Amino acid sequence: MKKKVVVIGGGITGLTAAFRLKQAGHEVTLFEAGDVAGGVIRSVERDGWLAECGPNTMLETSAAITRLVEDEDLGIADRRRDASPLGGTRFILKKGKPMMLPSSAAGFLKTELVSLSAKLALAAEPFRSRLSPDAAEESLADFVRRRLGQEFLDYAINPFVAGVYAGDPENLSVKFGFPKLYALEQKYGSMIKGQILGARQRRKEGRVTKDRAKQLSFDGGLQVLTDALANNLQGRLRLGNEVTSIGETEDGRWSIQSNKGVVVDFFDDVILALPAHRLATLIFPYSGEGKGAEQPLKALAEIVYPPVSSVVLGFRREQVEHSLNGFGTLNPEVEKVSTLGTLFTSSLFPERAPEDHVLLTTYVGGARSPELALRPEGERVELVLKDLAAIYGIKGDPVFQHSFLYKKAIPQYEVGYGKFLQTMEDFEAGHTGIYLAGHCRDGISLADSIVSGEKVAKKVLQPS
Ligand SMILES: Cc1cc2nc3c(=O)[nH]c(=O)nc-3n(C[C@H](O)[C@H](O)[C@H](O)COP(=O)(O)OP(=O)(O)OC[C@H]3O[C@@H](n4cnc5c(N)ncnc54)[C@H](O)[C@@H]3O)c2cc1C
């Protein structure tokens, strides 16, 4: 049966869901509050430079990503660009300078990134006992301190978490923010044992292992993907429409009201692919005795979304002392610099800077220092230039500059996040035909969002 489906939120999650439902022959309408679709994905091309405001690369950890990128209806397969193999080299800031992250066991034994006692703690990890599943929920920091010690937390986990979540490991939940890590301890009693056995199993089954997954983008940046998805929707995309309320009809369908007025259409199914703070404000004008307008998801307003600013700067090659041969550098909090880390963008994608020039993307703010992200643009750029000069030996002013601020960037899956997931589950159970998807429910990476979009489309196609 052909269904009438409305998708609310035109980020990568909502676009993926709408695309798959349209392909399956359903009548889909997508409401997006902004003037362009794509959500946090935004690529800017100017004077031979290409800057990403938000995400830079997508890790191809799932077949769903490959399927989407190669889908003939999108026609963008030939525009795909894989990050250069240089991306396999990563740096961590130590004593003010980028130090290479070892990529092999032999390299780890030799590295000066951590001390001998930290190396011994790693060797002892498989022999540490597992935490009982009934124990109180742990933060990522407590989990790492217990299994690997403080130095690993400071020089491996803290910078990694800044790079992925712009988050603070002291607050993030290991169970909800890093479910795979949590499962490794629960299943195998050890992260290391679990990694080795799990990778062996995945190889046996022919599945992609995370360390081998490709980092990808497109010739015009990630927006190539979201633009192609949006174009595919043709007349079914309603931009500049912020949905404010959702009402139930007597025959069990749903009507949508946006800031542009009531939509006369009624929908069989509704997909909500919104940030948590926007889900929280949605009004449901329930009818029936003793009922009135409610905001059933208002508890989600408590989910923390710290601000993050990206500062993309271009330089002439000779202005930069460092080789920049790698993916980039993550900055541990204990190093006390202002920035979270820097991607060597033109090393990953050389065509993003004019010849003999380099492009760097630096992030400021996050849970570590939200106040810095909110500083005026000129001050943010100054902070970044100061760090870049000290770390990479950069001299002089940038020849290209683009900065962007996400006031609410990435949801923090903090200790206690389970109650928010439960709120979402209860809401779905009480609202037949409405589904929740996206970064505040299914994980924060682009890969997670694409998988989430596909999953929610399948739920609409085959409701349980
Ligand atoms: C700075 C930054 C860097 C990142 N870097 C990476 C990276 O390198 N790799 C990676 O894998 N991930 C990265 N991420 C994470 C990833 O980009 C996001 O998790 C993912 O894009 C989220 O997609 P989404 O569709 O779930 O949500 P969003 O992109 O937030 O989309 C939600 C959409 O809903 C719309 N909307 C909101 N309210 C309403 C309403 N009431 N009515 C209608 N529409 C509404 C919004 O305008 C928005 O377009 C990064 C995120 C940020 C912020």
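How do strand S1 (residues 4-8) and strand S2 (residues 27-31) pair, in the parallel or the antiparallel sense, and over how many bridges? In this predicted model, S1 and S2 pair in the parallel sense, and five bridges hold the pairing. One of the facing positions can be found by looking at isoleucine 8, whose bridge partner in S2 is phenylalanine 31.

This pair belongs to an open sheet of five strands, which has the order S10-S2-S1-S14-S22 and parallel pairing. Strand S10 (237-238) and strand S22 (434-436) stand at the edges of this sheet, and because each has a single partner strand, one side of each is left without a neighbour in the sheet.

Another open sheet has three strands, in the order S5-S9-S6, and here the pairing is antiparallel. Its edge strands, S5 (58-59) and S6 (80-82), each pair on one side only. Between S5 and strand S9 (residues 215-218), which run antiparallel, there are two bridges, and leucine 59 stands opposite glutamine 215 in S9.

We can now turn to the ligand. Around the ligand there are 37 residues, of which Gly9, Gly11, Gly39, Pro55 and Gly438 come nearest. Sorted by class, this shell is made of 19 nonpolar, 15 polar and three charged residues. At least two residues of the shell come from each of helix H1 (12-23), strand S17 (308-316) and helix H16 (446-461). Why does the ligand lie between domain 1 (4-39 + 62-77 + 222-301 + 413-461) and domain 3 (306-406)? The ligand is placed between them because both domain 1 and domain 3 give residues to the shell around it.

Definitions and conventions: Residues are numbered from 1 along each chain as its sequence is written. This is a predicted model: local features need pLDDT of at least 70, side-chain atom pairs count only at pLDDT 80 or more; totals for chains, interfaces and linings use all residues. A residue is near a molecule or strand if its C-beta atom, placed from the backbone, lies within 6 Å of it. Helices (H or I, at least four residues) and strands (E, at least two) are DSSP runs, numbered from the N terminus. Ala, Val, Leu, Ile, Met, Phe, Trp, Tyr, Cys and Pro count as nonpolar, Asp, Glu, Lys and Arg as charged, and the others, Gly among them, as polar. Domain bounds come from an automatic or database domain assignment. Two strands pair if DSSP finds at least two bridges between them.
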